[in-house]
Amino acid sequence: MDDCADIVIVGAGAAGLAAGIFAAEAVRERGPSRIVVLDGAKKIGAKILISGGGRCNVTHDQATHKDFNGSPHIVRNILAAFGVEATRRWFASLGVELKREETGKLFPVTDQARMVLHALTTRCEALGVAVLTHHRVEDIIPQSGDPERPAFLVRHEQGTLSARRVILATGGRSLPKTGSDGEGWGMARRLGHDVTPTYPALVPLVLHQDMFHAELSGVSQEVELTTQVNGRTVDRRRGSLLWTHFGISGPVVMDASRFWTKARGEGAAVEMRCHVLPDMNREAVDRWLKAEIAGKPRRAVARLVAIRTPDRFATALCRFIGIDPATPSGQVTREQRQALVQGLTSLRLPIERDRGWNYAEVTAGGVPLTEINFRTMESRKAPGLYLIGEILDCDGRIGGFNFQWAWTTGYLAGRSAVAGLNAPHR
């Protein structure tokens with residue numbers, strides 16, 4: 001094959017495939033160009049296929065900068081370029097109709113992630129975008145500033161490829177078995193970029209073995225989680241928590257996890273507390289317990305607590321704070337009642353660690369958004385280079401937001417790279 005391309009996209013994940021499609025569609029308006037997507041994997045799209053339990057949570061029906069951790073002003077401007085409705089229309093044009101679930105998550109009506117990947121790869125093929133597997137990129141080397149010459153030399157395991165424009169879509173470090181190993185940051189650094197410290201995000205958390213989580217495995221409940229770093233509250237959110245054999249998971253834990261992993265990585269004192277009756281404050285819970293005890297003094301204390309919590313949780317909590325679950329509620333002392341109130345409203349979760357990159361759905365940290373032009377996704381450090389997706393220091397909460405980030409940044413970079421072909425290399 002030729003050893004030169006107009007646009008080389010490094011990484012054939014969601015962002016890279018989107019960039020290839022949008023670039024090729026823009027090319028049709030401006031004239032022929034050769035677009036190549038390089039990926040080191042044998043088969044592409046692993047993250048797409050496993051996301052959403054194999055259904056692929058394509059996006060969310062509402063996505064704003066508040067759903068992301070990153071420079072708010074920059075994220076807001078990027079999302080405005082290609083929002084949720086544009087995403088829905090785009091997927092419909094690819095033959096993938098989306099449905100909304102109660103949570104606001106949007107899935108393909110077929111509930112098949114494979115349909116999403118097939119639509120993306122089929123569109124690439126139809127547009128003449130070359131997607132090359134077994135082409136792991138090892139380095140990107142800037143060339144002469146001569147506008148008549150390619151701007152970059154891309155070294156990969158099969159040889160080299162000259163490129164007038166390069167789009168870096170290598171992902172972060174989450175789910176490394178899918179090919180995300182963080183090497184993209186090394187290439188970005190060599191091209192002049194900074195990379196902020198990176199941590200697992202949207203990751204389950206492991207609790208100390210002395211906690212009662214193992215006996216609750218499979219139980220989920222609505223809670224409010226509060227994360228404090230050095231005594232200051234940095235995050236408070238409400239949602240579904242899932243108790244597991246190793247600790248805690250579920251949407252609210254996954255969303256809160258990045259604050260814990262970041263603080264722990266920075267060596268700060270971090271603590272997470274759980275309020276299992278989030279509709280009531282501490283005083284209201286105490287009043288409720290007093291009233292229930294007065295009205296039903298013979299009822300076992302665990303059965304009383306189970307009025308508002310899952311049975312297994314109620315029993316485990318009583319044991320954990322030193323109360324026999326079968327104790328008649330009328331025999332509960334004031335101190336025991338106060339301990340129960342504390343356990344219901346501010347239960348300290350003894351987190352030992354996160355489950356690591358193999359279980360993290362996304363990466364927190366990366367190339368700072370201030371180092372890219374948010375209108376185009378072009379690097380401010382290396383003209384002709386574009387950075388998109390998870391390689392950037394922006395991570396969304398659970399629910400399709402990180403895919404929305406991939407589609408949006410892919411749209412901006414793909415179209416902008418084509419527009420840049422007609423501009424002199426700076």
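Tutor: Let us begin with a term: two residues are in contact when heavy atoms of theirs lie within 4.5 Å. A second pair of terms follows: helices (H or I, at least four residues) and strands (E, at least two) are DSSP runs, numbered from the N terminus. The structure is a predicted model, in which local features need pLDDT of at least 70, side-chain atom pairs count only at pLDDT 80 or more, and totals for chains, interfaces and linings use all residues. Residues are numbered from 1 along each chain as its sequence is written, and side-chain values use heavy atoms, with hydrogens and water left out.

Student: How many helices and strands does the protein chain have?

Tutor: The protein chain has twelve helices and 23 strands. Its C-alpha atoms fill a box of roughly 85 × 45 × 35 Å along the principal axes. Of the contacts with a separation of 6 or more, 74% join residues 24 or more positions apart.

Student: What share of the residues in the protein chain is buried?

Tutor: Buried means under 20% relative accessible area, exposed over 50%, and partly exposed in between (1.4 Å probe, protein chains only). In the protein chain, 56% of the 426 residues are buried.

Student: Which residues of helix α6 are buried, and what covers them?

Tutor: Helix α6 spans residues 183–190, and its buried residues include Gly-184, Trp-185, Gly-186, Met-187 and Ala-188. Among the elements that cover them are β8, β10 (159–168), β19 (362–364) and β22 (385–387). Just after α6, Gly-192 takes a positive phi of about 105°.

Student: How far does helix α12 reach from its first C-alpha to its last?

Tutor: The expected span of a helix is 1.5 Å times one less than its number of residues. Helix α12, residues 401–421, has 21 residues and reaches 30 Å, close to the 30 Å expected. This helix is mostly covered, as 17 of its 21 residues are buried.

Student: Which residues other than glycine have a positive phi?

Tutor: Most residues other than glycine have a negative phi. Here, Asp-111 has a positive phi of about 60°, and Asn-230 has one near 50°. Asp-111 lies in the loop between β6 (105–108) and α5 (113–127), and Asn-230 in the loop between β13 (220–229) and β14. With a relative accessible area of 28%, Asp-111 is partly exposed, whereas Asn-230, at 57%, is exposed.

Student: Where is His-135, and what does it touch?

Tutor: His-135 is in the loop between β7 (130–132) and β8 (137–142). Not counting residues up to four places away in sequence, His-135 touches Leu-38, Asp-39, Gly-40, His-156, Glu-157 and Gln-158. His-135 counts as buried because its relative accessible area is 14%.

Student: Is Gln-221 buried or exposed?

Tutor: Gln-221 is buried, at a relative accessible area of 7%, and belongs to strand β13. Apart from neighbours within four places in sequence, the contacts of Gln-221 include Gly-239, Ser-240, Leu-241 and Trp-243, as well as Phe-313.

Student: How many disulfides does the structure hold?

Tutor: A disulfide is a covalent bond between the sulfur atoms of two cysteines. The criterion is a pair of cysteine sulfur atoms within 2.5 Å. The structure holds zero disulfides. For Cys-318, the nearest cysteine sulfur is that of Cys-274, 15 Å away. Cys-318 is buried, at 0% relative accessibility. The sulfur of Cys-394 is 18 Å from the closest cysteine sulfur, in Cys-56, and therefore too far for a bond. Cys-394 is also buried, with a relative accessible area of 2%.

Student: What is the volume of the second largest pocket, and which residues are closest to its centre?

Tutor: Rolling a probe the size of a water molecule over the atoms shows where empty space is left. On a 1 Å grid over the protein atoms alone, a cavity is a set of points where a 1.4 Å probe fits but cannot get out, and a pocket is an open set with protein on both sides within 12 Å along at least five of seven lines; lining residues have an atom within 4 Å of a point. Grid points are joined across faces, edges and corners, and a volume is the space filled by probe spheres set on the points. The second largest pocket has a volume of about 200 Å³. It is lined by 13 residues, of which Lys-105, Pro-251, Asp-255, Arg-397 and Ile-398 are the closest to its centre. The elements that give two or more residues to this lining are β14 (232–243) and α7 (251–265).
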